[in-house]
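The tour below goes from one selection to the next and says what is found at each stop.

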Amino acid sequence: MTELFPAPLLTLDVISKKDAGAHLLISLAPAAEKPAPGLPGPEAGDTFLSQKDGQAVLMVSLGKAAKISLETLRRTGGAIARWLAKNKVAEANLALADLNEIKLEGAPSALFEGLLLGAYQFTHYKSAEDARPTVSAVHIIAGTPGKIKPLVERAATLCKMVNMAREWGHEPANVINPVTLAERAQAVAAEYHLKCTVLDDKQLEAMGAGAIVAVGQGSKTPSRLIILEYPGTDSSLKPVVLVGKALTFDSGGYSLKGVENIVTMKYDKCGGMAVIGTLLAAAALKIKTPLVGVIGASENMVSDQAYRPDDIITTLSGKTVEIITTDAEGRLVLADALTYAQRNFQPRALIDLATLTGGVVTALGRVRGGLMSNNPELVQQLMASGEATFERLWQLPLDDDYLKSTKGEEADLKNSGGREGHPIMGGIFLKQFVSDEIPWAHLDIAGTADSNKEMPYCPKGATGFGIRLLIHYIESLG
Ligand code: MN
Ligand code: ZN
């Protein structure tokens, strides 16, 4: 098996000023009131390389002083990481004292996150020497290194898991399929002392999980349900249960996707990758609240074994579903995973993450994920964590009026309600598999789980969206 975690392309350590060597010095400052030669530009992350007393200094702009936010710091960190990689700088010092004057709580951590996330690249299959990236070591010069060290360690742990979720997201379907994903999950779970249970297609079929089995039955590598458990440091608490869609490839099945839309469908597993990353981060950070992750892994393919439009399947809940389109497979996998989660655990909150609909991309673009829920308090908590981490969400409604669109003609439900209110159709379908007693949220991350262009601290491709958001939410529960 290949490496489970991508090798970090940037490492951080903390030193005191007297231990700083003669490496390139990175110096941060708000943008000057008036642009002047010999200074970086006005935007956060703008750089200018100069010499000071014979030493190379990279001056980096933090943008306009009044507009500096934690996100500015993350983006600045990302810009520095990219500059170091582009210029093949192996070692640099960063003066943290520069941040003191901006007086923003959490500023160092945000900067560290931007550096560590911004350095990530998917280079696993590049064999050419010149395609191999430089590893940069950034030494943080801090007045009191002991205070900063835990912040650096925390950022490194969190970003390691985000970058893992990105790496696994990037891995193509001829490498990660439901079977190999389950093996990888078992391996990382063992490393972080998580309990990991894998149910194969035979066990799922025997249990009555007809939906997840149907979606995967056209593939040589049939479905797996992967369950990860982290006990928390206070195991008397009820767990937060996360459910992830992991379609390792979604061809659409017999409702086959077109040439344009089928490329990038390896990213249809990113909800599941975010759940795995969050469980690992929670374990590594020793979070108080217990967590469970239930990942539905399937590959939606075309073959003589594949499920068809018009099929009527019986879900784990006992509800029957007629298949209108085999491309609305994510909600089927999630329906069984949500039922399993509620039968086997007592969720304090139940949150599913899925690259569910193209409709959410039409509605919200690639800026915010769609949030649908049966619980206003959970909405408010997740919205707040989204703003804090800049993994932003926006609520879509789930009025009862939408229910009739998913009512089946010959079965209890149908898996497609047409194009009207497309992302809501996914949410309202899932709502019918969740008890009203359990606070539940559905995050449709089809627009945010992967990016079609480079972003300030993320290259094109899998983003790892959801891990920082969920860790913030779970920690905010106290
Ligand atoms: Mn699909
Ligand atoms: Zn899908």
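## Stop 1: the two metal ions

Select both metals to begin: the manganese ion (ligand 1) and the zinc ion (ligand 2) are 3.0 Å apart, with Asp250 coordinating both. Keep in mind throughout that this is a predicted model.

Show the protein donors of the manganese ion (ligand 1). They are Asp250 (OD), Asp327 (O), Asp327 (OD) and Glu329 (OE), lying 2.1 to 2.2 Å from the ion. Along the chain, the donor residues of the manganese ion (ligand 1) have the spacing D-x76-D-x1-E. Colour Asp327 by accessibility: at 24% relative accessibility, Asp327 counts as partly exposed.

Move to the zinc ion (ligand 2). Lys245 (NZ), Asp250 (OD), Asp268 (OD) and Glu329 (OE) coordinate the zinc ion (ligand 2) at 2.0 to 2.4 Å. In sequence, these donors follow the pattern K-x4-D-x17-D-x60-E. If you display the angles among the 4 donor atoms of the zinc ion (ligand 2), they run from 89 to 179°, and the site is irregular.

What does the pair Asp250 and Glu329 tie together? Asp250 lies in strand 9 and Glu329 in the loop between strand 12 (320–322) and helix 9 (330–344), so the pair joins parts that are 79 residues apart in sequence. Asp250 has a relative accessible area of 3% and is buried. Glu329 is also buried, at 1%.

## Stop 2: a salt-bridge network

Clear the metals and turn to charged side chains. Side chains of opposite charge can pair when their charged atoms come close. How many salt bridges are counted in this model? The count comes to 17.

Select Glu71, Arg74, Arg75, Glu113, Glu391 and Arg468 together; salt bridges link these residues in a network. Within this selection, zoom in on Glu391 and Arg468, whose side chains meet in a salt bridge with an N to O distance of 3.8 Å. This pair links distant parts of the chain, 77 residues apart: Glu391 is in the loop between helix 11 (376–389) and strand 15 (393–395), and Arg468 is in helix 13 (residues 467–476).

Are Glu391 and Arg468 buried or exposed? Glu391 is buried, with a relative accessible area of 5%. Arg468 is buried as well, at 6%.

## Stop 3: two further pairs

Next, select Lys202 and Asp201. Their side chains form a salt bridge of 3.5 Å, N to O. Check the accessibility of each partner. Lys202 counts as exposed because its relative accessibility is 57%, whereas Asp201 is buried, with a relative accessible area of 16%.

Then select Asp19 and Lys18, where another salt bridge is found at 3.8 Å, N to O. Here Asp19 is exposed, and Lys18 is exposed too.

## Stop 4

Where is Tyr254 found? Tyr254 sits in the loop between strand 9 (240–250) and helix 7 (259–262). At 43% relative accessibility, Tyr254 counts as partly exposed.

Technical notes:
Residues are numbered from 1 along each chain as its sequence is written. Chains are lettered from A and ligands numbered from 1 in the order in which they are written. This is a predicted model: local features need pLDDT of at least 70, side-chain atom pairs count only at pLDDT 80 or more; totals for chains, interfaces and linings use all residues. Side-chain values use heavy atoms; hydrogens and water are left out. A salt bridge is a side-chain nitrogen of Lys or Arg within 4 Å of a carboxyl oxygen of Asp or Glu. Buried means under 20% relative accessible area, exposed over 50%, partly exposed in between (1.4 Å probe, protein chains only). Helices (H or I, at least four residues) and strands (E, at least two) are DSSP runs, numbered from the N terminus. Donors are N, O and S atoms within 2.8 Å of the metal (3.2 Å for Na, K and Ca); water is not among the atoms, so sites may look incomplete. Four donors count as tetrahedral if all angles lie between 85 and 135 degrees; four count as square planar and six as octahedral if opposite donors are over 155 degrees apart and all others between 65 and 115; anything else is irregular.
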